[in-house]
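Biologist: Could you walk me through this one before I set anything up? I'd like to start with the overall picture and then go into a few places.

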Amino acid sequence: MGKEESYELGPRGPAPPKAPKGRGRRKKEQLEDMKKEMDVDDHKLELPDLEAKYSTSITKGLVGAVAAERLLRDGPNELRPPRGTPECVKFGRQLAGGLQCLMWVAAAICLIAYGVQEGQGDRGSADNLYLAIALIAVVVVTGCFGYYQEFKSTNIIASFKNLVPQQATVIREGDKLQINANELVVGDLVEIKGGDRVPADIRIISAQGCKVDNSSLTGESEPQTRSPECTHDSPLETRNIAFFSTMCLEGTATGLVINTGDRTIIGRIASLASGVENEKTPIAIEIEHFVDIIAGLAIFFGATFFVVAMVIGYPFLRAMVFFMAIVVAYVPEGLLATVTVCLSLTAKRLARKNCVVKNLEAVETLGSTSVICSDKTGTLTQNRMTVAHLWFDNQIHTADTTEDQSGQSFDQSSETWTLLSRVVTLCNRAQFKSGQENVPVAKREVIGDASETALLKFAEVTVGTVSEARGRFPKVAELPFNSTNKFQVGSRGTKEGGGQPGVPVRAWVEVTRRGPLQLSVHTAGDRQLLVLKGAPERVLERCSTVMIKGQELPLDAQWREAFEGAYADLGGRGERVLGFCARWLPAGTVAAGTDPEALPEVAVGLCFAGLVAMIDPPRATVPRAVLKCRTAGIRVGHGDSGDGKGMEGMGREMRTGEDTEGTWGDTEGLGRDMEGMWGGHGRDMGMGTSEEKKGGGTQGTWGTWGQGCEGTAGPRQRPPCPPQVIMVTGDHPITAKAIAAAVGIISEGSETPEDVAARLRVPLEQVDPRWDPTSPGLGGDRGAPRPGDPVSGVPRQARARVVTGAELAGMEPGVLEGILRAHPEMVFARTSPQQKLVIVESCQRLGAIVAVTGDGVNDSPALKRADIGVAMGIAGSDAAKNAADMILLDDNFASIVTGVEQGRLIFDNLKKSIAYTLTKNIPELTPYLIYITASVPLPLGCITILFIELCTDIFPSVSLAYERAESDIMHLKPRNPRRDRLVNEPLAAYSYFQIGAIQSFAGFTDYFVAMAQEGWWPLLCLGLRPRWEDTHEQELQDSYGQQWTFEQRRYQQYTCYTVFFISIEMCQIADVLIRKTRRLSLLQQGLFRNHILVIAIVFQVSIGCFLCYCPGMPNIFNFMPIRFQWWFVPMPFGLLILIYDEIRKLGVRRHPGSWWDRELYY
Amino acid sequence: MATLNEKKTCSERMENFRRFVWNPETKLFMGRTLINWVWISLYYLAFYVVMTGLFALSIYSLMRTVNPYEPDYQDQLKSPGVTLRPDVYGDRGLQIYYNTSENKTWERLVTTLQTFLTAYTPAAQHLNVNCTGDKYFIQDTFDGPNNTKLSCKFTSDMLQNCSGIADPTFGFPEGKPCFIIKMNRIIKFYPGNGTAPRVDCTYVGDESRPLEVDYYPVNGTFNLHYFPYYGKKAQPTYSNPLVAVKFLNITRNVELKIVCKIIGAGITFDNVHDPYEGKVEFKLKIEN
């Protein structure tokens, strides 16, 4: 197999994952350390060794002094919260962003200018003061908003605190005493009993029926037995360790403390979770990206015109004021607020659909998600066992597994079914809680374990009231089960005189992990009916006949083979299979009070009725949701369709879903050599439709995953990225695979390497196109293994891949990435919290944006690490909810798809919003440029600009968030975070230099009209500025010879401001209309279908009117009541914008990929 | 996202930038091929030519529509501004300080007045007609030469003692200085509603305190026949009528605040936002 060799080479390979970021290496190492599996081996030690290791006594416990010493050494047994950033620093950070800094500078310049002008006794300098105050207010308010957002994400450690026990029973120096749990030290002997929380990580020394609930740690809700025996190599799997913070449900146990505080498993997870930095959300990166550009441009423009102004001969202070004005004009002050409001609107919309978004930016993240790592239990499945299949009359029947279990469709006329249903009904200890007659069966609460519940409900639905049936066949006797009287298979041999008829039969047998064998005897009229259920092969051993179509036939080899086939088939579907059989006994065969131990002697020569297979079925909505994800993402194509033999073969090999661990263990080694398999998906690339634009020339090549992970440098193509929905579960591989296949994570016809091997009847390693893990660039940026580079003769056909935690444990991160690249359909089974984190990171390293769903505490590190963590609202633990960015109130995977849809929509709409917002910066900026260079009276003031930015234009830009999608966004690929930027070059160029230019022309036209009609002709205006602004000039002549005082000119200037303002508003109405669509015609989209937008336009105009015509405005905000007709001057330009953009869109639609499209489609 | 977040070193950034400016592999200059740059430049050139054309067209049609004789609107010119000569500005507004014993301090002021009055010499006014009626000089037709309207003569001698003819020092050395009050012209503005507007000077804030003033012409009125004004094009030689005020009892060495208002219907002097509308305020301090 060569696995040793290849793996030893692994670390030396030239492509260790790029050391991410250059911050605190020590912390980084610590984290890396934590990501490794637990190195605890205490569970394997014998008790004396353990005593020696911790120098304690397993009878008397620690000596008080030693305990005190250790307490001093190790610190208290509690979770330490990490040192957080002080609140004021957090707030300060909000005030020190790129744009904010610019605004601070602008405000400072304003204040300086105010101070200097005040000192000189200039009139009108109060404007600068107002402006400074307004700017500071904008920064502070935006900062408070951001701080509040951040403040809402609560401290993750707090949620772990709730889990920690308060008191512990400890034995020290032979005395039993109650102490605070935080005083426990390593080596302490503690006692736990039902109802306690486990006070530390404990190696069990002795236990009596102890069961713990590990759900807070692993998310698995079934109680787990704890006993002193070491049952597994992994400390997480073995039974003789109980974990800090888990709940002891029943029984008692004594154990030795092996880890305390932060060194416990939960402590590690907690510090892992809080140590994982929150990744910046994609939208935050986008916004940062373009804020940088804006800030850079603002400074560039400001500095340029500062120099120009100095050269022209303005005094220094004036030039500084120009700089400030240009910054104010150019910086989109309202943009951050707009983005926040747009996101929170979507968040609200999502909340109505059961997705609560904690972190606003997460709204968009979901839209750019390219990989969803989904938990299985509860998210993809209904989280309850349900009967899925039955086998009787040598036929597999399918049962209804939908959520409501309305009806069963299989043939129920056979007599075999009558028997089988009777056995199912009677051989069942579960019962409904009383008082639920009106509740639908599926929703009734049941006392009993998962499979019994499933069978009970199944019986209730199919044959009618169970309690009635049980009444008709009263139970003669039963054998109470406990773990000590296991039904030993060998007991058959110790038959004592043919057994004693009349012994009450009721035995649980725990032969295998598959579950118990259960026997009971019921009175049925003048006969007795013995019913038995259990693991199929154990049941079959006791049968001599089989019921087929109501006839009892001898159980010969043919029937055995049929049984084997059916059993393997069902087992291969990942279902939990139980066998059922019965035997009619003469009345009085079994009498009450018989020794239960003797009872199995009666249970021989039974008649086999059938098999019932149960599974935690997928939620009905999930397959469609997964399919939607697929179309929304990524490849829809099919691999080479298998003939189904693979599955069959696997089922045969694996026997049952429950019993496969060993088998999988055997294949582990093989699995390791499988990575790097460039599955046969090359042929279904290039699905990129022409709808999916901006891919430019490259899009067709790696139509699907490829686009998410194109290399940064060089034109070389990278191989396809990982699959879209990855299942990561703690469950068994077969079950995981079955569910994955059922919901479409493994699509129809996809095969795992094992399937391929089985189908082609070749050894597994031949399926595997080996690539050398040492080949350059694994996990690196370039030179990744070339797809279509066959090494073995067998074509690469395995699209799917199931990887177990055990396999993962031995892998280098780069290897995992290879696997993720090679197989578009991935299932990870039996994974630990650390491994989940590793999987997420590997996907991220491949350039994917990863969403993770989870519910347990164990998921919290991965949730936090993910670009977007999605916690389950019902099943989720507090820690998971705290670590997540989003909570699904209904635990339904389908809600995520809604989220994806909304996220994509909001990305598109934000793009539109930003395009709209940016456009007006040019007509705000040009007045200053013309003012400085052509010395016209100032056409637009800073305060007016702030009104446009922060008041009138906010509403239309927010209303664009309500715009519906232009096309079916779920049929597009997820955006490529490298290329599909929120603000790209065509967007900026088109907004700034085309639409913005038209708006500027509109503004200046209106400006010159207003000036000319009041007496100042355009040519006079040029160069007028020095005299116009001379406060001592009280008789400036206009073009008609009239003489104006300074104040009269000032009001005329305000009129210009207002006219320019109105022009921008009018053009912005046209702008918001064109921004409704990026490629569709406005008429196709519907001009008035977005009612909010229409309202926003009306509102915007109303505010404009109010500002213009409210009395007192001229002296407060420098708005003048302007002449009515000046509103109409910019309208032709608005019309021009509409027509020009329609032409642009027409060209974009007609000629996709053309020069026009590349330059003008944003 | 890890790959996207990586902080780049400075040299990497420089390298990336260099690659952006000129990428030898793809022959991209600043993200575009050269030919592409030519195309995009041509496109923008065409775009801006068209836009400038449209703009020029709008301005041209604007100028075709505006009335060459009078403005369409006079929204800001409800009431005329008032100016003072000599006009020396201090920290806050007009501030006329001088010392009677130092010639230099008042000679500047006198020169200002003399220069100002050169526009009112008979020679400068020879194109204007003599008007006698004390009524508005309304002209509906263009009676003047070159299709203009007639303007009334205002010569400096009408200012009598303050004309600078008899006393070229305008009374400054004696501490009885002359100031000239001028009202801004506004097209088709009819001040006074039939009665001639007059200038009235008082101390600021203390109107009861007597300020001895001589007004020239008599009563300090602006004769109605100088109104209305028909605009630069119709009345190219129009000159504003003036009123001279001569302060007779100025307390020496004290800063006095004086306001000269123009009293007449249609002329407001109570606009808090415009200190020069209908009135002119100044500080006067005569030292010796």
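This is a predicted model: local features need pLDDT of at least 70, side-chain atom pairs count only at pLDDT 80 or more; totals for chains, interfaces and linings use all residues.

Biologist: Fine. What does the secondary structure of chain A come to?

Modeller: In chain A there are 43 helices and 28 strands. Of its 1162 residues, 60% count as buried, and among the contacts in chain A with a separation of 6 or more, 74% are between residues 24 or more positions apart.

Biologist: Let's take a helix. What should H40 of chain A span, and what do its ends give?

Modeller: Helix H40 of chain A runs over residues 1091-1109, and because a residue counts for 1.5 Å, its 19 residues should span 27 Å, which agrees with the 27 Å between its end C-alpha atoms.

Biologist: Which residues of H40(A) are buried?

Modeller: The buried residues of H40(A) are A:Leu1093, A:Ala1096, A:Ile1097, A:Gln1100, A:Ile1103, A:Gly1104, A:Leu1107 and A:Cys1108. They cover an arc of only 130° around the axis, so they are on the same side of H40(A).

Biologist: Changing topic: is A:Glu286 buried or exposed?

Modeller: A:Glu286, which is in helix H11 (residues 282-312) of chain A, counts as buried because its relative accessibility is 2%, and the cut-off for buried is under 20%.

Biologist: What does its side chain make a polar contact with?

Modeller: The side chain of A:Glu286 makes a polar contact with the side chain of A:Arg981, at 3.1 Å. Leaving aside neighbours within four places in sequence, A:Glu286 is in contact with A:Phe907, A:Arg975, A:Pro977, A:Asp980, A:Arg981, A:Leu982 and A:Val983.

Biologist: And where does A:Asn428 lie?

Modeller: A:Asn428 lies in the loop between helix H15 (415-426) and strand E12 (431-432) of chain A, and A:Asn428 is buried, with a relative accessible area of 2%. Not counting residues up to four places away in sequence, A:Asn428 touches A:Glu452, A:Leu455, A:Leu456, A:Arg470, A:Gln518 and A:Lys533.

Biologist: Now chain B. What does UniProt list for residues 37-60?

Modeller: The unreviewed UniProt entry lists residues 37-60 of chain B as "transmembrane region". In the model, that stretch of chain B is 100% helix and 0% strand, with its end C-alpha atoms 34 Å apart.

Biologist: Which peptide bonds in chain B are cis?

Modeller: Cis peptide bonds include the one joining B:Tyr216 and B:Pro217, with omega about -10°, and the one from B:Phe227 to B:Pro228, with omega near -5°. B:Pro217 is found in the loop between strand E7 (213-216) and strand E8 (242-247) of chain B, and B:Pro228 lies in the loop between E7 and E8 of chain B.

Biologist: What is phi of B:Asn146?

Modeller: Phi of B:Asn146 is near 55°, a positive value in a residue other than glycine. B:Asn146 is exposed, with a relative accessible area of 75%, and lies in the loop between helix H4 (103-117) and strand E5 (178-183) of chain B.

Definitions and conventions: Residues are numbered from 1 along each chain as its sequence is written. Chains are lettered from A and ligands numbered from 1 in the order in which they are written. Side-chain values use heavy atoms; hydrogens and water are left out. Helices (H or I, at least four residues) and strands (E, at least two) are DSSP runs, numbered from the N terminus. The expected span of a helix is 1.5 Å times one less than its number of residues. Buried means under 20% relative accessible area, exposed over 50%, partly exposed in between (1.4 Å probe, protein chains only). The arc is that of the directions from the helix axis to the C-beta atoms. Contact means heavy atoms within 4.5 Å. UniProt positions are given in the numbering used here, feature names are shortened, and annotations may be inferred rather than shown by experiment. A polar contact is a pair of N or O atoms within 3.5 Å; within protein, one must be able to donate a hydrogen and the other to accept it, and residues adjacent in sequence count only if both atoms are side-chain atoms.
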